[in-house]
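Hello,

Here is the structure I promised to pass on to you. Have a look at it first, and my notes follow below.

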Amino acid sequence: MNSINVTRFIKLQKVILKTYEKAVETAARRSGISADEAEALICLFERPNHKGTVENIKLPNAEETVKRLTENSLTEKNADEITLTGRGGITAKSVTMTVEKFFSRMLEGISPEEQFIIEAVLEKMYKNIENN
């Protein structure tokens, strides 16, 4: 791959990521929380029984984020286990719906076969960098 293709690829990734971040920030603002809190709620919402640990939340400041969520009654913390409250579940669902809408728009007009290929290529790329 030449450097022009790599540069275009990286720029596209950055644009997609920034657009995703804007969608999360907008949803978070509507719900009265920060983008990091929204990401943490999404993470817990997608886990079985809406429970997890700080380690499950892949944020650099996960501990502080969980503390704020607990202080605002969006999560409960019992020892190492974090659980969404009813209010946290409603907020997480709202944010998740925005994220799902973002991905639906992003994949509009892309066939299931093309989506499979994109996923396979991204998975290979991830494994390449994970193993180095």
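A word on terms before the findings: I call a residue buried under 20% relative accessible area, exposed over 50%, and partly exposed in between (1.4 Å probe, protein chains only). Please keep in mind that this is a predicted model, where local features need pLDDT of at least 70, side-chain atom pairs count only at pLDDT 80 or more, and totals for chains, interfaces and linings use all residues. Residues are numbered from 1 along each chain as its sequence is written, and side-chain values use heavy atoms, with hydrogens and water left out. Helices (H or I, at least four residues) and strands (E, at least two) are DSSP runs, numbered from the N terminus.

Let's start with α3 (62–71). Its buried residues are Ala62, Thr65, Val66 and Leu69. They line one face of the helix, because they fall within an arc of 100° when seen down the axis of α3; the arc is that of the directions from the helix axis to the C-beta atoms. These buried residues pack against α2, β2 and β3 (81–84), where contact means heavy atoms within 4.5 Å. Lys67 and Glu71, on the other side of α3, are exposed.

Just after α3 comes Ser73, with a positive phi of about 60°. Ser73 sits in the loop that leads from α3 to β2 (75–78) and is partly exposed, at a relative accessible area of 42%. As background, most residues other than glycine have a negative phi. His50 also has a positive phi, near 55°. You will find His50 in the loop between α2 (35–45) and β1 (51–52), partly exposed with a relative accessible area of 33%.

Next, the hairpin. β2 and β3 run antiparallel and are joined by 4 bridges; two strands pair if DSSP finds at least two bridges between them. Lys77 has Ile82 in β3 as its bridge partner. The hairpin has 2 residues between its strands, and Ala79 in the turn has a positive phi of about 60°.

Finally, there is a surface feature. Ile16, Phe103 and Met106 form a nonpolar patch with about 240 Å² of accessible area together. Phe103 belongs to helix α4 (residues 86–106) and is partly exposed, with a relative accessible area of 35%.

Best wishes

Notes: Patch = residues over 30% accessible without salt bridge, like charges linked within 9 Å, V, L, I, M, F, W, Y side chains within 5 Å. Areas by Shrake-Rupley, 256 points an atom, 1.4 Å probe, with all protein chains shown as cover. Salt bridge = Lys/Arg side-chain N within 4 Å of Asp/Glu carboxyl O.
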